[in-house]
Amino acid sequence: MDELGSLALAGVRRLFAEVLSNCIMNILLAEDNDNDIFLLQSALRGRKDLSLNIVKDGEEAIRYLQGEAEYTDRAAFPLPSLLFLDIKMPRKNGFEVMEWIRSQPRFNPLPIIILTSSQMKEDIEKAYGFHVNSYLSKSSFTLHPEGIREIVAYWQDCSKAPHLETQPSET
Amino acid sequence: MVYAPILVAEDDENDLLLLQCAFKRAGVKLPLAFARNGEDVVEFFTSRNAHLNESVPIPRLLLLDLKMPKMGGFDTLLWIRKHPPLNRLVVVVMTSSSQYSDIRKAYDMHANSFVMKPSGIDEMAALLKSIHNYWFVWNESPDHFGRRPELL
C-alpha cells in the first residue's frame, strides 16, 4: 500500500510538473550583444509565466537545442517554444542556425523570430527563404521594454506554439 | 483592382460575417480580399484577368481557415509554399480545432503563426487587432510586390 501510495504521489508530482511546464513559455534567445541581452532580460524580469535562456553564438544555440555538453539538463535548459535569433553571431551565424533547425524534423516546427539590426532586403528575403516565422529589426521601438513585452505577448497569448518532442523520435 | 493587404480564406458564412464585423470593431481599415476555399486562393493568385497583375501587389498576410471544402487549409498551405514568391507569404492559420497535431502540422508546413478562432465578437476583434499590430507594425514583411507566382 505504501509503495502504491508513493507511486501515486510520484504520478501526481509528474502531472503537476507537466501542467506547470505547459503554463510557462520557454524562450531561447540567441544573441551575442550584451546590451541587447540586457534589454530583453530586464523587460521580461520577474515574469513567472516565462523563462528566458540565453546562448551567445550559433554553435551554442545548436548545442542547447540538442541538449549536448553544458545543456544536458532539460529541467534547467528546457526545449524552447520560441527562438529569438540574431543573424550576425560568431562561430555559426543566424542563417546557418536556421538552415540547421529546418533540416531537423524534430525542430522544424519551432517558431523562429529573427531579431537583428539588419534591415537589408537580401537578409529579409533570405531569412523567409529558410522559413523563419517572423523577422523583426532591432530599433528603439522593438527593443523598448513595452515593445519587447508586446512582441512576446503575441507569441504567448495569441499564437499557439507547437510542442517539441523531448527525445528524438526513432525513425 | 484595389490592392488588398489581407486575404481571408474562410468558407463558413457565420465566421465570415463575424470576421468582417470584428475587423471593423478592431479598427483595421485595410481593404480585405476574400476566398471561400483553397481553390479560390489558388485562383486568386493565378487568375490572369483578376486579382493579380504586375501592378497589384500580392497580399502581405493570408488568414487561412483549416477546414474548408474542395481544398482545405493544409492543401492550400502546401500549394502556397511550393509557388515562389508565395513561399515567403505570411500565413496565419486560424481554426476552431485546438488539436495538438494540427498545430504541429501547420508549423511543419511552415505556417508563420497558428491562432484559435474565438466565437465572440469582442474576442475576435481583440485577436485581429493583435494580428494586425504584430504583422503590420512589428514584423518586416518579405518583398514580393507585383510578382506573380512562378507557376509550373
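This is a predicted model: local features need pLDDT of at least 70, side-chain atom pairs count only at pLDDT 80 or more; totals for chains, interfaces and linings use all residues.
**Ground rules.** I count residues from 1 along each chain as its sequence is written, with chains lettered from A and ligands numbered from 1 in the order in which they are written. Local features need pLDDT of at least 70, side-chain atom pairs count only at pLDDT 80 or more, totals for chains, interfaces and linings use all residues, and side-chain values use heavy atoms, with hydrogens and water left out.

**Chain A, overview.** I started with the fold of chain A. I find six helices and five strands. Both are DSSP runs numbered from the N terminus: helices are H or I of at least four residues, strands E of at least two. From the N terminus on, the order is α-β-α-β-α-β-α-β-α-β-α. The C-alpha trace of chain A spans about 65 × 40 × 30 Å along its principal axes.

**Helix 3 and helix 4, chain A.** I looked up residues 58-66 (helix 3) and 94-103 (helix 4). Their axes come within 9 Å and cross at roughly 25°. Axes here are lines fitted to C-alpha atoms, for helices over the stretch in contact, and angles run from 0 to 180 degrees between N-to-C directions. Helix 3 and helix 4 of chain A are therefore roughly parallel; angles under 35 degrees count as such, over 145 as roughly antiparallel, 65 to 115 as roughly perpendicular and the rest as oblique. On the helix 3 side I list A:G58, A:A61, A:I62, A:L65 and A:Q66, which meet A:V97, A:W100 and A:I101 of helix 4. Contact means heavy atoms within 4.5 Å. By class, this contact of helix 3 with helix 4 has six nonpolar, two polar and no charged residues. In that scheme Ala, Val, Leu, Ile, Met, Phe, Trp, Tyr, Cys and Pro are nonpolar, Asp, Glu, Lys and Arg charged, and the others, Gly among them, polar.

I checked the loop between helix 3 and strand 3 (82-85) of chain A, where A:A69 lies. Phi of A:A69 is near 50°, a positive value in a residue other than glycine.

**Helix 2 and helix 6, chain A.** The axes of helix 2 (34-44) and helix 6 (145-158) come within 9 Å and cross at roughly 70°. This pair is therefore roughly perpendicular. A:L39, A:L40, A:A43 and A:L44 of helix 2 meet A:P145, A:I148, A:R149 and A:V152 of helix 6. By class I note seven nonpolar, no polar and one charged residues.

**Salt bridges.** The rule asks for a side-chain nitrogen of Lys or Arg within 4 Å of a carboxyl oxygen of Asp or Glu. One of them joins A:K56 and A:D34 (2.6 Å, N to O). A:K56 sits in the loop between strand 2 (50-55) and helix 3, and A:D34 in helix 2, so the pair ties together parts 22 residues apart in sequence.

**Interface of A and B.** I find 35 residues of chain A in contact with 28 of chain B. The buried area is about 2,700 Å², with carbon and sulfur atoms giving 51%. Buried area is the accessible area (1.4 Å probe) that two parts lose on being put together, summed over both. A:Y128, A:Y154 and A:K160 supply 23% of what chain A buries against chain B, more than any other three residues. The rule finds one salt bridge across this interface. B:R88 pairs with A:E125, the closest N and O atoms being 3.2 Å apart.

**Chain B, a cis bond.** The peptide bond from B:P84 to B:P85 is cis, with omega near 5°. I place B:P85 in the loop between helix 3 (73-81) and strand 4 (90-95) of chain B.
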